[in-house]
Amino acid sequence: MIGLAALASCSPQTASAPRQTIPAQVPDVPAGTELSTAKTSYEAGSFGYAARYFQMALTSSPNDMQACLGLAGSYDWLYRFDLADRTYATCRRIGGETFAYHNNVGFSYFLRGENGRASVSLAQARALRPGHPVIETNLRILRDASSG
């Protein structure tokens, strides 16, 4: 699930340039399938397309936390942290500071190489869901990245 993305599949890199572009347009999909199309695009690593479809889903359902976190996560993978930060602020307004919110924000900071801030956010996620395997894995990977 996008809201529970593990850090295991990434490593921090230079965040100076987007890894992919965000297309101006994407192929039309049937109404109501934007979120599932966004998830499929995200899982396939097509983060520009995922961002557009998550935007469409969020426009259709402005309080959809999955769409919001998916959009922010897509921006993270595109290294568009300016857009990710604004979207995470929207996520916080929609759903509050949930486990998934703090986990994803921690992931965002990890991608930026801001391990201290990542640690704080991941610790907040852990406080909300003690012992959750995703957060324990993320914290272990963060510790390994910070010490190596």
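**View 1. Tyr 79 in a loop.** At 4% relative accessibility, Tyr 79 counts as buried (buried means under 20% relative accessible area, exposed over 50% and partly exposed in between, with a 1.4 Å probe and protein chains only). The loop that holds Tyr 79 runs between α3 and α4. Tyr 79 is not a glycine, yet its phi is positive, about 60°. Most residues other than glycine have a negative phi. This is a predicted model, in which local features need pLDDT of at least 70 and side-chain atom pairs count only at pLDDT 80 or more, while totals for chains, interfaces and linings use all residues. Residues are numbered from 1 along each chain as its sequence is written, and side-chain values use heavy atoms, with hydrogens and water left out.

View 2. Of the 148 residues in the chain, 45% are buried.

**View 3. The largest nonpolar core.** This core has 40 residues, and Phe 54, Tyr 75 and Tyr 88 have the most contacts inside it. A nonpolar core is a set of buried Ala, Val, Leu, Ile, Met, Phe, Trp, Tyr and Cys residues joined through side-chain atoms within 4.5 Å. At least two core residues come from each of α1 (34-43), α2 (47-60), α3 (65-77), α4 (81-95), α5 (99-112), α6 (115-128) and α7 (133-147). The core lies between domain 1 (29-95) and domain 2 (97-147), because both give residues to it; the domain bounds come from an automatic or database domain assignment.

**View 4. Surroundings of Tyr 88.** Beyond its neighbours within four places in sequence, Tyr 88 is in contact (heavy atoms within 4.5 Å) with Leu 69, Ala 72, Gly 73, Asp 76, Tyr 101, Asn 104, Val 105 and Ser 108.

**View 5. Ser 41 in helix α1.** Ser 41 has a relative accessible area of 12% and is buried. Not counting residues up to four places away in sequence, Ser 41 touches Ser 46, Tyr 49, Ala 50 and Tyr 53.

**View 6. Residues 1-16.** The pLDDT, the predictor's confidence in each residue from 0 to 100, averages 89 over the chain, and 86% of the residues score at least 70. Over residues 1-16 the pLDDT is below 50, although this stretch has 47 contacts in the model beyond near neighbours in sequence. Where pLDDT is low, the predicted coordinates should not be read in detail.

Note on methods. Helix = DSSP H or I, 4+ residues; strand = E, 2+ residues; numbered from the N terminus.
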